[in-house]
Amino acid sequence: MIIHHPLLGPRDASEFVYLGDASLMNRPNPKSETAAEDFHRYQYLRDNPVGQHRELWYHEQGDRSWLVVTRNTLTHDITKVELARDVARSQK
Amino acid sequence: MSKLSPTLPLESFSKHWPDLTVEEHYTGELISLAIARDEESAFKPAFKKTFGKAAPEPSQIIAVKGGFAMWSSPDQYLILLEGENINADKDIAKKMGACAYATLQSDGWASINVKSDTSKNAALYDVLERFIPLNLRQAPEGFATRTSAHHIAVIVIKYSETEIQLLTPRSSARSFLDALIHTADNVLS
Amino acid sequence: MSLIDNTQVLSFTFNGKAYQGYEGDTLASALLRNKVRVVGRSFKYHRPRGIMGVGSEEPNALVEIHGAGTCEPNRRATTIKLFDGLNAKSQNHMGPLNFDVLAINDFMHPFLAAGFYYKTFMWPKAFWEKLYEPVIRRAAGLGTLSKAADPDSYDKGFLHCDTLIIGAGPAGLQTALNLGLAGHNIILADDDFRMGGRLLSEDYEINLAPALNWVNETIQTLESLPNVRLMSRTSIYGVYDHGIYGGLETTTDEIGSSKPRHILWRIYAKSSILAAGATERPIAFANNDRPGVMLASAVRSYKNRFDIDLENTALLTNNDDGLQTDAAHIFDTRNGSYVTDVGGRKGVRSLTLNTGEKIAANHLAVSGGWNPNVHLTCHKRARPKWDETLRCFVPDPKTLPSDMSVIGAANGQFSTHAAFKDANDVTEKLGAKPSSLPQTEDAPINVSAFWHVKGKKRAWVDFQNDVTAKDITLAHQEGFSSVEHVKRYTTLGMATDQGRTSNVVGLAVLADTTGQSIPETGTTIFRPPYSPVPIGAFAGTHRGQHFKPTRLTPSHKYAAENGATFIETGYWKRSQWLARSGEKGWRDSVDREVLMTRSSVGICDVTTLGKIDVQGRDAGKFLNKVYVNTFSTLKVGKCRYGLMLREDGIAMDDGTTARLSETHFVTTTTTAKAGPVFRHLEFVRQCLYPDMDVHLISTTDQWAQFSVAGPNARKLLEKIVDPEFDISNEAFPYMACGELTICGGARARLFRLSFSGELAYEISVPARYGDALIREMMQKGEAFDAVLYGTEALGVMRIEKGHAAGNELNGTTTAQALGLGGFVSKKKDCIGKVLSQREGLIAEDSLQMVGFIPVSSQDKLTNGAHFIPKGETPSPETDHGYMSSVAWSPMLETYIGLGFLKNGQNRLGEVIQASHLMGNSHVDVTVVSPHFFDPKGERLRV
């Protein structure tokens, strides 16, 4: 696959390491009363959609930035690539 | 001068083929420079003052005071300074002030120059297309980025149509060089 | 118009017999010119077979090439470019080709129909392993493996272009010419060694001159354009995501050549044009597999391109295209004439017609229509659609990949004029100006629906896998009626030719059997590779020494000079021990290294442990998030041990972190986890806490680092460290760190850390000084009998001290299990904190790390042994834990072990059994504290 890095342009997916669902960016509040349940869900429960999937890729053999990639799991079409840091900041 | 003599990672290696030279190239010092969070507005003028130019864009290397600077990640640059100065990181940190953090990187990388004499159909592209996945033929002069070749990290710098510099981690530099020579032999021998 | 150069004579052998051919021949054409009719035996029935086709569609002529002491099986004689000295052999016969013992199978054919192996060889049961399987194994398969090392080399590469044109026939050449002249960066690839496609084999005219003139002029123009890359003998075998294509370039068929034999190309193309042409299909009738029955287009190729006249040829055709073939007798099914049988087991002698008449003939050219080569369109799940007029499958524009266009015969546009028109159309679509349309033939194909002749005798559909029309009927009878089931049950289309000449005929037979139409029957689709790719090509240069990179430490050269035995730790080579003369085995060396270090001083290269530079105003806060303990409180000039958890509460890694300034830490990891920890830290930094001011950079290779350990460690270092720096115990106590200079001004860092439990330091210099430093230290160390020690001695000493390492941080253990439960700060959150509190992980009887000593001092301990209470039989129910690290302790003169035992901390003194079931050893051990040597840590702090 080819991932269009927002700053570097198209790069082969082999330069990257795949982590998984982008929901991993939303680490639960450890102080919450439901923390144990929240962390269990965060760590172990995943949707497995056919279609659009937002996921985390790490550009290990490149600029070491984490990216949020929106990819169709059936066709592999990638429609959006964002710097994870920008996504994380905008979510705060 | 201390008693300890420095050693180059590839012991000044050099080899020639028709229209191709591959040789170790002493780079001076390499310093990684990171922008402190929320200090972009202080960083820009500090960089300009220290290096004489605005910081480079992604995938770019530019000539600056003392050497070159390339973009390496959203908040980091790699500075290539001419000359030996084991404390170059501290000197730069002092010049840049609190808006930046500097780390010495010179010893972490080996530097290999790949050169051709002819600019038309330069042999170096015939060799590098077997080795590096990027489109080096079409890349502009001043193109610089990091990728991997044969499972080893490499920073590729296209100084001109006939000269490309490859930086690769020191510990695996021998393997990297062996793979590059093997490839050049396959293409040119 | 022949492309044979008969001034260049080439010598070759086939089955040991010498022949001659010419430059421009394939092995197949050379054999035909030498009137070799039988070239192999069929897969199942071992029937004599001859050459049927002319290109990669060839199903019969599979040969082995021999050279350089090895052999390459299953090569099609039609795709081997003849070279001087070629040695080829036929395959799949027991005994000589002309007298194959296994031809008995042909006479047993009623018992060997499709699916016979599902119904036979089942009784008696014992016979399977002892008789049936070995016999079948010997008889099965095509070709033999030489089992010798592969003498060929391979290479890989990467290409980038605007457009990849697949196929250099008229459509591909015209497109390449248009786009090339317009300045586009293009690659034109064709799997033949000459470009031109069918134009090389048909007697056509272009612009009132022989077509070959146009081909040669076009190629000349293309060769002159710097933005055009011509790749002949390059098969585009796979279409992958996002415009990535796989190409296999063949440089020679000669085995053991000094240059890479194949180059595997990864091609990045913004768009592609499939101009791969079409493959002719035969008609099925009785004994249609006899040597001499050939595709009509192949007969024309052999005549026009290879200058071979096949004697006494008849023609069977259901379309106009076949009529181009020169033949003494013509049987056109549209006129009601066809062939019902072929006589001549080792070569056609006679043909029986539907009228009953029998005529003499030596070759039969058969044309059943043409199938566009749609395979590459299917690699991304496109489904071809049936064209009722052309009676073939064509690409369906609705399902094509958006970046691929199909032109010419591959798109069902069979005439040369149509190919040129398609080329010009697609050129305009890609935004370039096409050149003028060449003037040439535009004949329609007019194919009729005549697929097979029903009859009692076997009529072949898949020649390579020996599948007949009867097999397809039988499959349907047995309930395997869907096209996917018929394929697998009969093996139709599953051989190395992947059904090129058989799929569509097979579908027609199936449709006829079920009463459905061909579109209703459907078709199987294709996945990469289009044609076989040697596994060596996927490996490229990564073999032997080049299989993976090697990382060397700064002291590697010195260690090698001093007798080191190296061990691979990931990509690193580390000294395992350094033998001295007189030492008989590794234990002698390792025991000595431990004793020398603990009695005086030892030096070990620890550069391989990951080093990460952490800088920023929030560096301490960041480290608090990733470690279980607190680092923001660490004073400048001090080090602290840290344990890192995964988010699920399991220990990930440990290391020591030194604080060099308010905003500057250096954190270490284990060797194996350097990469994954860095990745994890960047995830935490960028994705979880993007507002922190913290920056990370790996400095593992930047700093050479040596552990200097033993009672004389400080004395040795005082000879290295420059005099203005005070490293006395008062000025530089245990866990201190600092920047200093050594050997007259060389930049260095010193950390007072101890893995061995001795008075110890780690001294770090920029790697450029690494070699010089180890030599200097060993030279200065001579006064103290300093010893260079390796990973084994390092391991023994840390086990003696009860320090957890990789064996204990094995991905299943928690901080609590490691005895570090109290180390986890209660005052703050960290990665893994919440889930580490899950009841299963903190239960009373959960595993805890403790030490083990054999009750009897002669007994050996075995790593991986499981702990069973005395008197119990080893079983999952009685399993109380396992041994994780074992060593002979020179200090205690006994074996010692670390391991995990249920509720271990509360069972000190208990005698338990350590059972290693694979080694069948059961040793009584006493549960003890893991801190075997100097448990109070007195030696550390002197």
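1. In what order do the four strands of the open sheet in chain C stand? The order is β17-β23-β18-β19, and the pairing is parallel. The model is a predicted one. In general, the strands of a sheet pair through backbone hydrogen bonds, either parallel or antiparallel.

2. The edges of this sheet are β17 (293-295) and β19 (329-332) of chain C. Each of these has a single partner strand, so one side of each is left without a neighbour in the sheet. From one strand to the next, the twist averages 20°.

3. The partner of β17(C) is worth a separate look. β17(C) and β23 of chain C, residues 363-367, run parallel and are joined by three bridges. Opposite Val293(C) stands Leu364(C), in β23(C).

4. Next, the contact between two chains. On one side are 20 residues of chain A, in contact with 17 residues of chain C. Two helices of chain A, α1 (35-44) and α2 (84-91), each supply at least two residues of the side that touches chain C. By class, that side of chain A has 12 nonpolar, three polar and five charged residues.

5. Which residues of helix α11 (residues 483-490) of chain C are buried? They are Val483(C), Val486(C), Lys487(C), Tyr489(C) and Thr490(C). Note that a lysine, Lys487(C), is in this list. The elements of chain C that cover the buried residues of α11(C) include strand β29 (467-468) and the helices α10 (469-477), α12 (503-514) and α13 (518-521).

6. After α11(C) comes Thr491(C). The phi of Thr491(C) is positive, near 70°.

Terms used:
Residues are numbered from 1 along each chain as its sequence is written. Chains are lettered from A and ligands numbered from 1 in the order in which they are written. This is a predicted model: local features need pLDDT of at least 70, side-chain atom pairs count only at pLDDT 80 or more; totals for chains, interfaces and linings use all residues. Two strands pair if DSSP finds at least two bridges between them. Axes are lines fitted to C-alpha atoms, for helices over the stretch in contact, and angles run from 0 to 180 degrees between N-to-C directions. Two residues are in contact if their C-beta atoms, placed from the backbone, lie within 7 Å. Ala, Val, Leu, Ile, Met, Phe, Trp, Tyr, Cys and Pro count as nonpolar, Asp, Glu, Lys and Arg as charged, and the others, Gly among them, as polar. A residue is buried if 20 or more other C-beta atoms lie within 10 Å of its own, exposed if 12 or fewer, and partly exposed in between; C-beta atoms are placed from the backbone.
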